Amino acid sequence: MADSKLLVPELSEAETIGPETARFEELLLQASKELQQAQTTRPESTQIQPQPGFCIKTNSAEGKVFINICHSPSIPPPADVTEDELLQMLEEDQAGFRIPMSLGEPHAELDAKGQGCTAYDVAVNSDFYRRMQNSDFLRELVVTIAREGLEDKYSLQLNPEWRILKNRPFLGSISQQNIRSQQRPRIQELGNLPTPGYRAAETGPEKPHLNLWLEAPDLLLAEIDLPKLDGAMGLSLELGENRLVMGGPQQLYHLDACISLRINADESKAAFHRKRKQLMVAMPLLSVPSESW
């Protein structure tokens with residue numbers, strides 16, 4: 001990993017800085033401004049009508065549960081990687097790979113025996129769904145992620161054992177869903193990344209908010225909110241090919257994020273913006289990444 005020497009002088013709108021740092025500040029501030037404008041001008045959500053795919057049956061402590069796996073072209077696809085590449089990412093615990101899904105609200109239904117049950121609609125991208133139809137591995141992965149997503153969203157405990165219903169693509173009715181509008185700005189926001197390798201104790205360092213986006217196909221930008229700091233004194237930042245680790249002074253903050261893009265750590269730069277109380281990081285990429293959301 002690169003050490004904290006990649007931290008350049010702190011940025012202030014009133015101070016005089018060198019041409020390299022000035023260009024870095026201009027790049028970060030302009031990218032942030034364009035991202036914020038794109039977010040405020042696009043509608044927050046749009047309504048879609050998912051199309052039926054297949055239905056799985058499982059159960060919870062409350063009774064039978066059915067999950068309608070649906071699809072819609074309005075949902076963005078995951079990164080275009082091969083199954084071997086995906087399997088390697090999962091084995092290496094690279095949390096940056098995501099399968100975008102829309103998790104619908106629970107709706108009460110009757111099963112084939114006329115008994116009450118609960119159904120959920122989960123929608124993925126239509127092109128990805130067609131690819132999934134020819135892959136047992138992808139189908140099981142989608143079902144697992146959908147089940148875990150429903151458990152997290154609705155505080156459920158679903159039986160990990162499930163089966164696909166034969167000759168029945170869905171149970172009950174498939175309702176319209178509201179999804180975030182996916183009109184993509186020039187800057188592609190990647191959002192927050194999970195940090196599987198770090199769990200802060202209640203009295204330990206705080207995990208700061210991390211926002212990532214692609215300013216260009218070969219440049220990843222990051223903003224880390226550090227409202228408790230007035231300067232970069234005591235900050236440490238380490239970058240690996242697919243990892244960002246930041247520590248704060250007096251153990252105020254700690255962040256350990258896996259990134260599924262190959263970072264050129266030697267060419268990366270970072271600076272603390274005093275007015276905005278943010279650590280801003282520009283990370284050139286070693287290769288052009290596949291598009292992901």
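Residues are numbered from 1 along each chain as its sequence is written, and side-chain values use heavy atoms, with hydrogens and water left out. Because the model is predicted, local features need pLDDT of at least 70 and side-chain atom pairs count only at pLDDT 80 or more, while totals for chains, interfaces and linings use all residues.

A search of the whole structure finds nine salt bridges, a salt bridge being a side-chain nitrogen of Lys or Arg within 4 Å of a carboxyl oxygen of Asp or Glu. One of them joins the side chains of Lys64 and Asp111, with an N to O distance of 2.7 Å. This pair links distant parts of the chain, 47 residues apart: Lys64 belongs to strand β3, and Asp111 to the loop between β5 (107-110) and β6 (116-125). Helices (H or I, at least four residues) and strands (E, at least two) are DSSP runs, numbered from the N terminus. Lys64 is partly exposed, at 25% relative accessibility, whereas Asp111 is buried, at 8%. Here buried means under 20% relative accessible area, exposed over 50%, and partly exposed in between (1.4 Å probe, protein chains only).

A second salt bridge, between Arg130 and Asp127, has its closest N and O atoms 2.4 Å apart. Both residues lie in helix α3 (residues 126-133), three residues apart, which is about one turn of the helix. Arg130 is partly exposed because its relative accessibility is 45%; Asp127, at 54%, is exposed.

A further salt bridge brings together the side chains of Lys228 and Glu206 (3.0 Å, N to O). Lys228 is in the loop between β11 (219-225) and β12 (236-240) and Glu206 in the loop between β9 (188-191) and β10 (210-216), so the pair ties together parts 22 residues apart in sequence. Lys228 is partly exposed at 49%, as is Glu206 at 33%.

Asp80, Glu83, Asp84 and Glu85 form a patch of negative charge on the surface. For such a patch, residues have over 30% relative accessible area and no salt bridge, and like charges are joined within 9 Å. Asp80 sits in the loop between β3 (63-72) and α2 (83-91) and is exposed, at 60% relative accessibility.

The cysteines remain. With a disulfide taken as a pair of cysteine sulfur atoms within 2.5 Å, the count is zero. Cys55 is in no disulfide, and its nearest cysteine sulfur, that of Cys117, is 8.7 Å away. Cys55 counts as buried because its relative accessibility is 0%.

Technical notes: Patches are made of residues with over 30% relative accessible area and no salt bridge: like charges are joined within 9 Å, nonpolar side chains (Val, Leu, Ile, Met, Phe, Trp, Tyr) within 5 Å. Accessible areas come from the Shrake-Rupley method with a 1.4 Å probe; for residues, only the protein chains shown count as cover. Lys and Arg count as positive and Asp and Glu as negative; His and the chain ends are not counted. The place of a charge is taken as NZ of Lys, CZ of Arg, CG of Asp or CD of Glu.
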